[in-house]
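I opened this entry to keep track of what I looked up. My notes follow the order in which I checked things.

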Amino acid sequence: NSLRIAFVGLGNMGGPMAINLVKAGHEVYGVDLSETALQRHKEAGGKCAESIPEAVKDADVVITMLPAGKHVRAVYTGDEGVLTHAERGTLLIDSSTIDVDTARDVAGEAVASGMHIVDAPVSGGAVGAQAGTLTFMVGGPAEAVERARPLLDVMGKSVVHAGDAGAGQAAKICNNMLLAISMIGTCEAFVLAEKLGLDAAKLFEVASTSSGQCWSLTSYCPVPGPVPTSPANNDYKPGFAAEMMLKDLGLARQAAESFGAATPMGHRAAELYEQFCNQDAEKRDFSAIIHFLRQTG
Ligand code: NAD
């Protein structure tokens, strides 16, 4: 059945996600600061609202896809925000990738205002957003997650209920910190092999079938050749941009400090991605960090 949805943040991710909801027959009121984003939404059959209060009034569901925690806090808790203007009982879905503290704070305030809320960050990038094949990592009470699921199924192909409020964000940053570390490790192995005169294809043949095996090697190989679909074969165009990885590593570092976890490798990975991004490389795929490691040797 058709729902009335307010969708705040129609950027690279939110734009195509909202359009998939329109295509599924929902009435989607878009809100964004950018006129271009609103125009695109309208052309695809969406409706546009002038403000958050206008969009969320009478909405069954509010979805947000914003850059960072401060935007999420402002959109939900400000005077003109969602919590003041949505009806009690409205389902709120925040799909932005943000810090766990803000996710939990906003969830607490939302529940106190009589709303149902889940954090539901995604992986899969803009390509997955367009194709409706995102993976959602969801935090919140089971009833809210079940209410959100049919909409998440429209925008994605897999939905994992990770736990209570903030657990979706926690799953996302833990995964991405591991990914950054494994990518740097994979790159270091190829750089060392080059110095040792070991052929990259031979290293791949050995490591992909032995204990060095990991996704960064076998699905996203940072040297051209062994995995034809990896960005290394396409001049390191993203893919997953280095600046996005740096953002997620910042969130992991913040969480580690705030909750007292030792993450020395995550910390070092953040430093290396920061140095790499500072070389005008922030728009390159995150596997291009192999060039940075080669040149620092
Ligand atoms: P984006 O910058 O393209 O889009 C954000 C949109 O939010 C912009 O259109 C901006 O105008 C709008 N916005 C900001 N503040 C607003 C406000 N107060 N009211 C209304 N609109 C506002 O970013 P994106 O690439 O779509 O990413 C969104 C989130 O998804 C981020 O948290 C990002 O980390 C996460 N994410 C992105 C990718 C990716 O590949 N792009 C992948 C996974 C997760």
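**Loop residues, then the domain contact**

I began with Asp58, which sits in the loop between helix H3 (52-56) and strand E4 (61-64). I am working from a predicted model. I looked up the backbone of Asp58 and found phi near 70°, a positive value in a residue other than glycine. Is Asp58 buried, exposed or partly exposed? I read a relative accessible area of 41% for Asp58, so I logged it as partly exposed.

I then went to Tyr236, in the loop between H11 and H12. Tyr236 also has a positive phi in a residue other than glycine, here near 60°. Its relative accessibility is 6%, so I put Tyr236 down as buried. I stayed in this part of the chain for one peptide bond. The bond from Pro238 to Gly239 is cis, and I noted omega near 10°. Gly239 lies in the loop between helix H11 (215-218) and helix H12 (242-259).

**Domains**

I took the division next: domain 1 covers 4-164 and domain 2 covers 170-296. I noted 30 Å between their centres, taken over C-alpha atoms. Twelve residues from domain 1 and ten residues from domain 2 make the contact.

How much area do domain 1 and domain 2 bury between them? I have about 870 Å², with 64% of it on carbon and sulfur atoms. On the domain 1 side, Thr97, Val100 and Asp101 lose the most area to domain 2, and together they account for 46% of what that side buries.

I checked for salt bridges between domain 1 and domain 2 and the count is zero. For polar contacts across this interface I have four residue pairs, both residues at pLDDT 80 or more. I also asked which elements of domain 1 touch domain 2. Helix H6 (100-112) and strand E7 (122-123) each supply at least two residues of that side. H6 gives the most, with three residues. By class, I logged seven nonpolar, two polar and three charged residues on the side of domain 1 that touches domain 2.

**Thr97 and Gln169**

I followed Thr97 up. It lies in the loop between strand E5 (91-94) and H6. Thr97 has 13% relative accessibility, so I count it as buried. Leaving out residues up to four places away in sequence, Thr97 touches Pro67, Pro121, Gln169, Lys172, Lys247, Asp248 and Leu251.

Gln169 was on that list, so I looked there next. Gln169 is in helix H9 (residues 167-196). At 0% relative accessibility, Gln169 is buried. A polar atom of the Gln169 side chain lies 3.1 Å from the backbone nitrogen of Ile98. Beyond its neighbours within four places in sequence, I find Gln169 in contact with Asp94, Ser96, Thr97, Ile98, Val100, Ala103, Asp119 and Pro121.

I moved on to helix H1 (residues 14-23). Nine of its ten residues are buried. The buried ones are Gly14, Gly15, Pro16, Met17, Ala18, Ile19, Asn20, Leu21 and Val22. Gly25 follows H1 and has a positive phi, near 100°.

My last stop was Leu33, in the loop between strand E2 (27-31) and helix H2 (35-43). Is Leu33 buried or exposed? I have a relative accessible area of 91%, so Leu33 is exposed. I also logged the span from Leu33 to Ile181: the two are 148 residues apart along the chain, and 35 Å separates their C-alpha atoms.

Conventions:
Residues numbered from 1 in each chain as written. Heavy atoms only, no water. Domains from an automatic or database assignment. Contact = heavy atoms within 4.5 Å. Buried area = accessible area lost by both parts, 1.4 Å probe. Salt bridge = Lys/Arg side-chain N within 4 Å of Asp/Glu carboxyl O. Polar contact = N/O pair within 3.5 Å; in protein donor to acceptor, adjacent residues only side chain to side chain. Helix = DSSP H or I, 4+ residues; strand = E, 2+ residues; numbered from the N terminus. Nonpolar A, V, L, I, M, F, W, Y, C, P; charged D, E, K, R; others polar. Buried < 20%, exposed > 50% of the residue type's maximum accessible area, 1.4 Å probe, protein only.
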